Amino acid sequence: MNPVNYLQILQFAAPETIVTLTVLVVLGADVTVLRGKSIAARFNVGALLSILGCASAACLAFHRHIEANLFNGLLVVSPSSDFIKVALLALTVFTILISTSGKFTDHVGEYLSLILLGTIGLMFLVSTEDLLMVFISLEFASLALYILTAFNKRNAKSAEAALKYFLFGGMSAAFLLFGFSLLYGISGSTNLREIAAGIAGKGLDPLLLVALVTTVIGFGFKVAAVPFHLWAPDAYEGAPTPSAAFIGSGSKVASFYVLAKIFTLGFAGAAGSAVWHGYLSGWTPVVAIVAALSMVLGNLTAIVQSSVKRLLAYSAIAHAGYMLLGVLSNTPTSASAMMFYVITYALTTVGTFGVVTVVEEATGGDAIKNFAGLSRRAPGLSLCLLIFLLSLGGIPPLAGFIGKFFLFSAAVSAGANLGLLWLVILAIAMSAVSFYYYLRVLKAAYVEDAVENAPAIKVPLLTFLALALLALLVVLFGCAPGLLTQFL
Amino acid sequence: MLAWTIYITFFGVLVLMFLPRDNARAARIVALLTAIAACVVAFAGAIQQANPGEVTTIVKTPWIPGIGANYYLAADGISLVLVVLTGLAAVSGILFSWNIEKRTKEFFAFYLALIGGVYGVFLSFDVLLLFVFYELTIIPKYFLIARWGSTRKEYGAMKLALYSFVGSHLVLIGLIAAWVVAKGQLGHASLDLIELSKVAFPIAFQHWVFPLVFVGFAILAGMWPFHTWAPTGHVAAPTAGSMLLAGVVMKLGAYGCLRVAMVMFPEGVRMWQGEIACLAVAGIVYGAGVALVQRDFKFVIGYSSVSHMGFVLLGLATLNTVGFDGAVLQMFSHGIIAGLLFGVVGRMVYDRTHTRDFNDLETMQLGKLIPFAGVTFVIAGIASMGLPGFSGFVAEFQVLMGAWTVFPKLTILSGVGILVGVAYTLRAVQKGFYSDAPPKPADPDHPLEPISVPERFGAVMLIGASLVIGLFPGLLMNWIEPCFNSPLSMFARLLVKGGSQ
């Protein structure tokens, strides 16, 4: 074995290192210089520092164009994973921007650094092809997310949500670890490509099947797919809204990227087939069932929600179903279609939660009725909401529509003889259902009148700029998807 | 040049968004000027087009190369007819909603967004682009009705939005499947309608995919039994909303049936021809019959729309040139006449009397109080009944001629629909305006305001359009006929007897 070259590690993990340094700077500044200042000032300075750090890390990742594979797949750097990192950092920046007006905590430095730490975990997660590293970075990121969920100490729901999230998360980690250990036992390696070579040609023995199912369960929890979704609505509802935005965006992007990698690389020989009348056992039928359940249950349950955050949680479950469609189609086109969908979905989600944050601050709640008359009280904000929700509902020319078109057409192309069409029909039918509940929120904002003499809502400038930029991106990626697809 | 209809209209939306909130007058004027500008462009562009039988490209640039999508706007004679119709409907709709005082600028912003989408659908020759514009119209429709409508507006708006969305999703399923199959046959991804109109999709595939796409579009065309959104939607909508719904939005559906579903899957049409004709005639007869017993004035017009759109679908089902000519002409004619009828009922009558119930209207003697409305309605009614001299006659006559050669029994049945049409129109004229019921003394404190100038303009414009086309159908037929007659056109496959077998 070669001697470890630390300088090389530092070079390839430079973006992560920059973010780590940023964490220290933010924490340091918060406990020294900013001590005794107002929360708003601490938030603004801390956010500025974090954004500078993220931006420089993103610039570096975007411009370095290197391919590298250290320690047999422990740290893999490629232009595609670097682009995902850029997307993650952008999502982090937006999350931070929508948190700046938050009044849910006094611990500004800790809050910001936890978001950044979570991001570091996610960045390592997307740049590895080794199960051990996948597990470590996934848990590293999750720990940050658990704490972020509990961050509103004045709200009992926040603590409850975090506990639920933590217990479910811990269980899922156990499942993952169990599956991973079986895989190691079968193939004698933790490297995905070697695992694929190890299990190739052996057929689906029971051990592999168990490994496969437990992996699906483990990731099913992480991405909140049915029937492993139970934590999501409570976590989304109880967590401080910006934390929920982070759970629903950055962590989704990274989880789906690595999920697709594990299944398409690691289980390459055990794909099976989920096509109609052409079923072959393997991982695709399992994922197909999870995807179908998520789409149906997520959308149908979202209809009856009265809290917008819970509604978004169920819609997130439904969207996870659509994304799994991209995973199980198992072609290069479907993989990039899925990443397009996940990234635009994440941008939209951060935006929606940003709007919810503002409305929550102004009206004291996130029920649909709190959005009544929003178009009069804050026209710009409600225009952003309109764009985000319509994009989630899949209305052209927004990113959500074109993402669905990419995803569904890739899925139909993947199965022989239009074999996956049954899932696509289900997905399209369910997305027609989803239109109804998004429209319910928009109806409150645009059709219903606010209560008498409701004052105009003052939108914090930073938040509004972030939301406007997000809305612009959603429109832009919808009208000219080439801007994004060229990197995927 | 025609592309500017889309750009001007959306630019109008932008301008409206930046207008001060409470300046209703400015909003109206901006909206009217935008609509007139787009209408003028539509006329000029249509007249300029040298050969309406051919698809003339306006702009074609790669949009999403990965899936073969182009930003492809073009026009043939059928597009021209419908673009001109949209221009007329847009202007008259604004004239008939001059009295909107509640959130005027938002109203007209949604209104113009809807119009822009409609122009876009009629000019798109890329399936994805067409679909984008098609769905773009759903949201403005919803808000126009839910915010500014009347009777059960939120229910009607949601019903319309969901029906439209479900319909367009049926279309989406079909399009994705067709895209994949076409990619296999062509060797490259394509969404170009002209290219797709040459692909021979497998027969078995057409057998199931055609009804999916056709029904998806036909829902919006008010095909029985998927028409139920139409009456409730029309009734709930504000005047301009119903005028646009009946005037152009239902045409979007019929246009999609012809331009996408039928052109792409000619064998599928042949397999389902009889079923479509049956449903079309069911719509004609059912719509007319239900219109005959309504108490709400607007419901009469709403159901009559279902009935008249049945003729469009019947014309499409004939698969012969005469029937097609009639169907397209009927789209134009119904767009004008239904717009006028809704204008009279919604704006001239309902906005003044605040009732549409025949029992109340009978006691008002509106024919004497607002004679202009009465006369306009009589003329519109005559046009709607299909009397010679108006556009409805030429159109429905051609549809029936085309249908006679293919479905003689159904044609006779639809003749019954026409007779009932005469009955419900006369009933509406009598009950709405010239009743001989004992009059209730008019309330001297609240005299009905006189018919305003914009209303007069709008009414005269629409009556004029219907008369001109009724007397000189050649004006439009010169655009429509070459499209179907040329052996090179995209419709040629549809008209060849026996098809590719």
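This is a predicted model: local features need pLDDT of at least 70, side-chain atom pairs count only at pLDDT 80 or more; totals for chains, interfaces and linings use all residues.
Student: What share of the residues counts as buried?

Tutor: In chain A, 62% of the 488 residues are buried. In chain B, 65% of the 501 residues count as buried. Taking contacts with a separation of 6 or more, residues 24 or more positions apart account for 77% of them in chain A and 81% in chain B.

Student: Is A:A378 buried or exposed, and why?

Tutor: A:A378 is buried, because 22 other C-beta atoms lie within 10 Å and the cut-off is 20 or more. This residue lies in the loop between α16 (374–377) and α17 of chain A. Beyond its neighbours within four places in sequence, A:A378 is in contact with A:A456, A:I457 and A:V459. From A:G28, 350 residues away along the chain, A:A378 is separated by 37 Å between C-alpha atoms.

Student: How is a pair of packed helices described?

Tutor: Two values are used: the angle between the axes and the distance between them. Take helix α17 (residues 379–393) and helix α20 (residues 461–479), both of chain A: their axes come within 10 Å and cross at roughly 35°. The crossing of α17(A) and α20(A) is left-handed.

Student: Which residues of α17(A) and α20(A) meet?

Tutor: From α17(A) come A:G380, A:C384, A:I387, A:F388 and A:S391. They meet residues of α20(A), among them A:F464, A:L467, A:A471 and A:V475. By class, this contact has nine nonpolar, three polar and no charged residues.

Student: Which residues have the most contacts inside the largest nonpolar core?

Tutor: That core has 405 residues, and those with the most contacts inside it are A:V253, A:M338, A:V424, B:V81, B:A221 and B:L313. Helix α7 (residues 153–186) of chain B gives the largest share of this core, 19 residues. As for B:V81, leaving aside neighbours within four places in sequence, its contacts are B:V328, B:F332, B:L476, B:W479 and B:I480.

Student: How many residues does each chain give to the contact between them?

Tutor: The size of an interface is often given as the accessible area lost when the parts come together. Here the description goes by residues: 25 from chain A and 24 from chain B. On the side of chain A that touches chain B, α18 (399–414), α19 (421–446) and α21 (482–485) each supply at least two residues. Of these, α19(A) gives the most, with twelve residues.

Student: What is that side of chain A like by class?

Tutor: The side of chain A that touches chain B has 19 nonpolar, five polar and one charged residues.

Methods
Residues are numbered from 1 along each chain as its sequence is written. Chains are lettered from A and ligands numbered from 1 in the order in which they are written. A nonpolar core is a set of buried Ala, Val, Leu, Ile, Met, Phe, Trp, Tyr and Cys residues joined through C-beta atoms within 7 Å. A residue is buried if 20 or more other C-beta atoms lie within 10 Å of its own, exposed if 12 or fewer, and partly exposed in between; C-beta atoms are placed from the backbone. Helices (H or I, at least four residues) and strands (E, at least two) are DSSP runs, numbered from the N terminus. Two residues are in contact if their C-beta atoms, placed from the backbone, lie within 7 Å. Axes are lines fitted to C-alpha atoms, for helices over the stretch in contact, and angles run from 0 to 180 degrees between N-to-C directions. A crossing is left-handed if the near helix is turned anticlockwise from the far one by less than a right angle, and right-handed if clockwise. Ala, Val, Leu, Ile, Met, Phe, Trp, Tyr, Cys and Pro count as nonpolar, Asp, Glu, Lys and Arg as charged, and the others, Gly among them, as polar.
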